[in-house]
Amino acid sequence: MKTILLSILVLGALGAIFGALLAFASKIFHVETDPRQAAVREALAGANCGGCGYPGCDGYAAAVAKGEAPCNKCVAGGAATAAKVAEIMGQTNEAAEKLVAFVPCSGGTDVAEMRFNYSGPEDCRAAMLFGGKSNKLCTFACIGFGNCVKACQFDAMHIENGVAKVQRSHCVGCGACVDACPKSIVKLIPESQRIMPACSSKDKGPIVMKNCKVGCIGCMKCQRECPADAIVVTDNLAQVDVTKCVQCGHCADICPRHIITYFGKKG
């Protein structure tokens with residue numbers, strides 16, 4: 001009985017000693033936290049989407065409090081959150097233009113020729129490992145198994161007819177879909193940009209016409225007729241210079257393949 005009591009006393013004494021040592025160490029090694037960090041963290045959207053370029057909201061809040069990050073990087077929170085963070089930091093908010101995701105591919109299963117019928121896991125990367133660059137003859141095409149959809153936290157990505165589509169009103173521009181796409185097809189573009197060629201193929205015209213009924217054939221009609229010289233055909237693919245584009249929509253009207261997308265109403 002004495003042995004048991006002695007053991008209990010020894011364990012109690014050791015616990016008290018170690019507790020005191022931990023308390024002492026916590027005071028010695030305590031790192032003061034800028035109170036603005038907690039305030040910034042509270043103001044953020046809390047999506048932990050990584051769109052700010054930092055490891056979650058905590059990482060971004062710490063960077064802002066240290067003056068290492070601007071106040072307008074919370075893409076999920078948008079302008080309202082940027083204004084709150086700027087107020088906390090005592091800064092003038094410089095609004096950054098919102099970005100949205102765009103998938104430059106129109107090769108749905110009704111217009112794109114298929115290379116093979118894939119019946120494995122519905123995962124774009126798995127399909128690429130199974131059969132190469134794409135399940136479609138166009139090796140630049142969206143595979144359409146929704147890795148981007150799974151990565152999106154805001155219900156902005158959907159698969160329609162074998163191609164990923166973006167619901168711009170839901171997109172916050174976090175870039176999770178960009179990172180998730182194994183083909184690196186998904187891009188972020190300024191929300192104000194309403195003209196974009198919805199194709200990624202760099203094949204020559206005859207090959208495109210064989211692979212897809214709507215792909216860009218590099219005919220250069222859009223380049224020749226653009227009133228702002230904003231379209232250049234490079235590597236057989238029409239590309240828009242967003243710094244020059246006046247968004248008149250003329251290129252979308254004259255494209256013989258109807259591959260240039262115009263978001264919203266004209267005029």
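Tutor: Begin with the cavities. A cavity is a set of grid points where a 1.4 Å probe fits but cannot get out, and its volume is the space filled by probe spheres set on the points. In this predicted model, the largest cavity holds about 120 Å³ of space.

Student: Which residues are closest to the centre of the largest cavity?

Tutor: They are Cys105, Gly107, Cys138, Cys199 and Cys212, out of 18 residues that line the largest cavity. By class, that lining has twelve nonpolar, six polar and no charged residues.

Student: How many cavities of 30 Å³ or more are there?

Tutor: The count comes to six.

Student: How do I read a nonpolar core?

Tutor: Look for buried nonpolar side chains joined through atoms within 4.5 Å. The largest such core here has 23 residues, and Val103 and Met157 have the most contacts inside it. Strand E1 (99-102) and strand E3 (163-166) each supply at least two residues of this core. The largest share, three residues, comes from E1.

Student: What does Val103 touch, leaving out residues up to four places away in sequence?

Tutor: Val103 touches Met157, Ala164, Val166, Ile185 and Val186. There is also a second, separate core of 18 residues, which includes Ile195, Cys216, Cys226 and Ala238.

Technical notes
Residues numbered from 1 in each chain as written. Predicted model: local features only at pLDDT ≥ 70, side-chain atom pairs only at ≥ 80, totals over all residues. Heavy atoms only, no water. 1 Å grid on protein atoms, 1.4 Å probe; cavity = no way out; pocket = protein on both sides within 12 Å on 5 of 7 lines; lining within 4 Å. Nonpolar A, V, L, I, M, F, W, Y, C, P; charged D, E, K, R; others polar. Buried < 20%, exposed > 50% of the residue type's maximum accessible area, 1.4 Å probe, protein only. Helix = DSSP H or I, 4+ residues; strand = E, 2+ residues; numbered from the N terminus. Contact = heavy atoms within 4.5 Å.
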